[in-house]
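Look over the sequence and the fold before you start.

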Amino acid sequence: MQPTHSSRRILLPVKAWFIFLTLACAVFANLVPLGRFPILPDWVALTLAFWCIREPLKVSMGTAFMLGLIMDVADASIMGQHALAYVLLAFTAGQLSRRILWFPLLEQALHVFPMLLGTQLIMLLTRLIAGAEFPGFLWFISSLVGAALWYPLTYLLLLPQYRPVERDDNRPI
Amino acid sequence: MSVVGHSPPPFFKRGPAPLARLFFFVSLSVALLVADLRFHTLEWARLGAATVLWPLQRAAYLPVDAGMDLGDYLSSLRELKNENEALRKQQLATANLLLRQTHLDQENQRLRALLEMKERQPAIGQVADILYAARDPFSRRVIIDKGSQAGIEAGQAVVDELGIVGQITRVFPMTSEVTLLTDKDQAIPVEVQRNGLRAILASASAGALELRYLATNADVQTGDLLVTSGLDGVYLPGLPVAKVVTVDRENSLAFARIACAPVAGVERHGQVLVLGRRIAQARPDEAAPTQEPSTKGRKSRARLK
């Protein structure tokens, strides 16, 4: 598979354990306590959106649901809040996957931003129905930061696939 | 067989259609939401999962902890000296009260015994550290480092050196979750210390508190201290809760709008004291006087037949 559909470079196939590792790292990054208003994005949503766009046949709604349950417990929020939002995110990302991959990375980020925002809006809606207080508009900044991180994140997560096919013992990587 | 990074696309074996899967998972999530919100049946699942996640959570907390330790280490000597000075002054100021505390307690017990009143429960508690604020931006909760292993139970009151901070709402083996006073769903029965006027203190928006359901002519002034009334059977009476900031007596409204600010450092982090569970006093026996009307009612119903 290419980095984007319009590029000519062909990458190595992705390893299943690497997807698992990155998702586990994202959960771990989400567990780091940074107070009520983390400027940092929801790493799980971002990584999940990435793999749903890159590998819609490997990562989809089932993975999203499981990750959602983990985040529900970790965040001490109500059960099903993250699960619902992540499942819808995975569905949208999977459906738009073939379209998004034709764009260069910065324009991909423009697609990802409304997806992350939608995830937050669904969580907001769930909690408002359950009777929670509105957390303020500052909370939505994390989606913006998440979309801004799309460019470096893509290179980081595709790094293992950028390795050349043939092995050369004289090359460091 | 993979040729240049492609496994053959599984044309036919892709499982159910995406929309069908979406419908399945969304309905599963909604079922979970309803089960948790409406019937509160998922506490056991949450407890198990949280126990499994605990080492991971602890590990994630380590870098933050290390950063804070580093910050403490680098804080200047002068700052520490100043703090030490302030603490010593505070100790001297309170020493007077503390020295007489045991004496007053004993005297109080004696007088109560004389008056044949029920003895007041002594306040016992455990010190706990606030680990971090829960990531959930929709509620105001913090996690402390004592759990059911340390004998913490849901419902216990949590105080700091100035007043009430909140209440334990969920207990895990190693940690427990404190819902702060400023959480939207948290309400606490209080009385005005100056005149004993009872009211309910609840959260207003954005971390402020408000005194609810008091008439516009109620005797509340700016600067009044609100203490727990103890009517709920959860909080010990007389613990400071909040100070009245503004009183808005607009006649067009049914109730006065009384904004308050918490006395304790509710949104600050540090050490807290988890007070022992208060055992509610038994109610006086109401059985005797109510017996009469019920038998009468039965008789009249029998007559109607």
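This is a predicted model: local features need pLDDT of at least 70, side-chain atom pairs count only at pLDDT 80 or more; totals for chains, interfaces and linings use all residues.

**Exercise 1: Chain B in outline**

Solution. Last, take its contacts between residues at least 6 apart in sequence: 56% of them join residues at least 24 apart.

**Exercise 2: A helix in chain A**

Task: Work out why α3(A) is described as largely enclosed.

Solution. Find the helix: α3 of chain A covers residues 61–75. Check its length: its 15 residues reach 20 Å from first C-alpha to last, close to the expected 21 Å. Now apply the burial cut-off, 20 or more other C-beta atoms within 10 Å. Twelve of the 15 residues pass, so α3(A) is largely enclosed by the rest of the structure. Among them are Met61(A), Phe65(A), Ile70(A) and Asp75(A). Then ask what covers them: the cover includes α1, α2 and α4 of chain A, together with α1 and α2 of chain B. Finish just past the helix, where Ala76(A) takes a positive phi of about 60°.

**Exercise 3: The largest nonpolar core**

Task: Find which residues have the most contacts inside the largest nonpolar core.

Solution. The core has 90 residues. Leu48(A), Ala49(A), Tyr86(A), Val87(A) and Leu89(A) have the most contacts inside it. Its largest share, eleven residues, comes from α4(A). Chain B contributes too: domain 1 (16–60) and domain 3 (125–275) each supply at least three residues. Now follow Ala49(A): leaving aside neighbours within four places in sequence, Ala49(A) contacts Leu89(A), Ala93(A), Val112(A), Met115(A) and Leu116(A).

Key:
Residues are numbered from 1 along each chain as its sequence is written. Chains are lettered from A and ligands numbered from 1 in the order in which they are written. Helices (H or I, at least four residues) and strands (E, at least two) are DSSP runs, numbered from the N terminus. The expected span of a helix is 1.5 Å times one less than its number of residues. Two residues are in contact if their C-beta atoms, placed from the backbone, lie within 7 Å. A nonpolar core is a set of buried Ala, Val, Leu, Ile, Met, Phe, Trp, Tyr and Cys residues joined through C-beta atoms within 7 Å. Domain bounds come from an automatic or database domain assignment.
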